[in-house]
Amino acid sequence: MAQTSIEWTELTWNPVTGCTKISAGCKFCYAEVMSRRLKAMGVDKYKDGFKKVRIHEDALRIPYTWKKSKVVFVNSMSDLFHKDVPLEFIQRVFQVMRDNGQHVFQVLTKRADRLAEISDQLTWPHNIWMGVSVEDERVTERIDFLRACGARVKFLSCEPLIGPLPNLNLKAIDWVIVGGESGHNPRPMNPDWVLDIQEQCQQANVAFFFKQWGGKNKKKAGRELNGKTYDEMPEVELLRNI
Ligand code: SF4
């Protein structure tokens with residue numbers, strides 16, 4: 001596990017590492033950059049490079065060691081629903097999450113088709129929040145796949161937001177995160193796109209979390225929208241399976 005600076009979670013847990021790019025949102029993949037760095041530092045878990053998907057049996061015991069309740073982002077360094085992750089291993093990850101109902105596990109994927117395909121073969125306790133990335137209108141079908149899965153709490157991560165999303169279908173969606181791209185050459189995010197999503201969330205009574213404007217200097221750009229910080233989340237305490 002690792003402490004994280006990601007604003008909408010507390011810890012990251014990576015039972016899988018490595019991935020391959022699947023859509024425009026992957027262009028400046030943070031996990032790829034971090035993997036390269038960790039490999040250069042000699043960290044064993046990343047020795048095979050980013051493009052090799054690896055499962056880590058030893059990581060499965062980690063959540064049993066956490067003493068206090070945590071909000072945990074699962075697989076910040078991969079995509080749990082990647083085709084190279086065996087179903088049997090995904091089921092074991094889900095079993096670990098089920099065994100640890102005092103924690104909230106946030107699972108985010110771009111492989112929403114596989115998520116829907118195998119959802120019936122997974123068990124869905126209340127403490128698993130399932131999300132899909134929606135970076136622009138070309139990938140909104142991921143939301144339909146998400147809706148079809150068995151998760152009690154469903155969320156969208158619109159980050160990096162690289163295009164407008166004027167017609168989001170937010171039916172059965174509990175939470176939307178929006179953020180701009182950061183790094184050396186970030187693609188710009190139009191403030192109107194963000195305001196539009198915020199308004200759609202407000203109308204649909206969906207929790208809205210504005211993570212960051214991003215850009216070359218993301219600290220300076222900050223995370224205020226209309227002079228306000230939007231940190232809404234689904235009700236964590238109510239939804240923990242305790
Ligand atoms: S799916 Fe996620 S982890 Fe995989 S390449 Fe794309 S951004 Fe990176």
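In which loop is the place of Pro160? Pro160 sits in the loop between strand E8 (153–158) and strand E9, where helices (H or I, at least four residues) and strands (E, at least two) are DSSP runs numbered from the N terminus. The structure is a predicted model, in which local features need pLDDT of at least 70 and side-chain atom pairs count only at pLDDT 80 or more, while totals for chains, interfaces and linings use all residues. Residues are numbered from 1 along each chain as its sequence is written, and side-chain values use heavy atoms, with hydrogens and water left out.

The peptide bond between Glu159 and Pro160 is cis, with omega at about -5 degrees. Most residues other than glycine have a negative phi, and most peptide bonds are trans. The loop between E8 and E9 also holds Ala172. Although Ala172 is not a glycine, its phi is positive, at about 65 degrees. Ala172 counts as partly exposed because its relative accessibility is 46%; buried means under 20% relative accessible area, exposed over 50%, and partly exposed in between (1.4 Å probe, protein chains only). A positive phi, near 60 degrees, is also found at Asn205. Asn205 belongs to the loop between helix H5 (191–204) and strand E10 (207–212), and with a relative accessible area of 73% it is exposed.

Glu159 takes part in another contact. Its side chain meets that of Lys211 in a salt bridge (2.8 Å, N to O), a term for a side-chain nitrogen of Lys or Arg within 4 Å of a carboxyl oxygen of Asp or Glu. This pair links distant parts of the chain, since Lys211 lies in strand E10 and Glu159 in the loop between E8 and E9, 52 residues apart. Lys211 counts as buried at 11% relative accessibility, and Glu159 counts as buried at 18%. Salt bridges that share partners also join Lys21, Glu32 and Arg36 into one network.

By the same rule, the count comes to 14 salt bridges. One of them connects Arg147 with Asp144, whose closest N and O atoms are 2.8 Å apart. Both residues lie in helix H4 (residues 141–147), three residues apart, which is about one turn of the helix. Asp144 has a relative accessible area of 44% and is therefore partly exposed. Another salt bridge is formed by Asp48 and Arg54, with 3.5 Å between the closest N and O atoms. Here Asp48 counts as partly exposed at 38% relative accessibility, whereas Arg54 counts as buried at 16%.

The aromatic residues come next. A pair of aromatic rings is described by the distance of the centres and the angle of the planes. Rings of Phe, Tyr and Trp (its six-membered ring) pair if their centres lie within 6.5 Å; planes under 30 degrees apart count as stacked, over 60 as edge-to-face and the rest as tilted. The structure holds 12 aromatic pairs. One of these, between Trp8 and Trp175, is edge-to-face, at 6.2 Å centre to centre and 85 degrees between the planes. Trp8 lies in the loop between strand E1 (2–3) and strand E2 (11–13), and Trp175 lies in strand E9 (residues 175–179), so the pair ties together parts that are 167 residues apart in sequence. Both Trp8 and Trp175 are buried.

Trp175 also pairs with Trp129: the ring centres are 5.6 Å apart and the planes stand at 85 degrees, so this pair is edge-to-face. Because Trp129 lies in strand E7 (residues 128–133) and Trp175 in strand E9, the pair ties together parts that are 46 residues apart in sequence. Trp129 counts as buried, at 0% relative accessibility. One aromatic cluster is formed by Trp8, Phe73, Trp129, Phe155, Trp175 and Phe209.

E5 pairs with E2 in the parallel sense over three bridges, where two strands pair if DSSP finds at least two bridges between them. Phe73 in E5 is the bridge partner of Thr12. Strand E6 (residues 104–109) runs parallel to E5 and is joined to it by four bridges; the bridge partner of Val74 in E6 is Val107.
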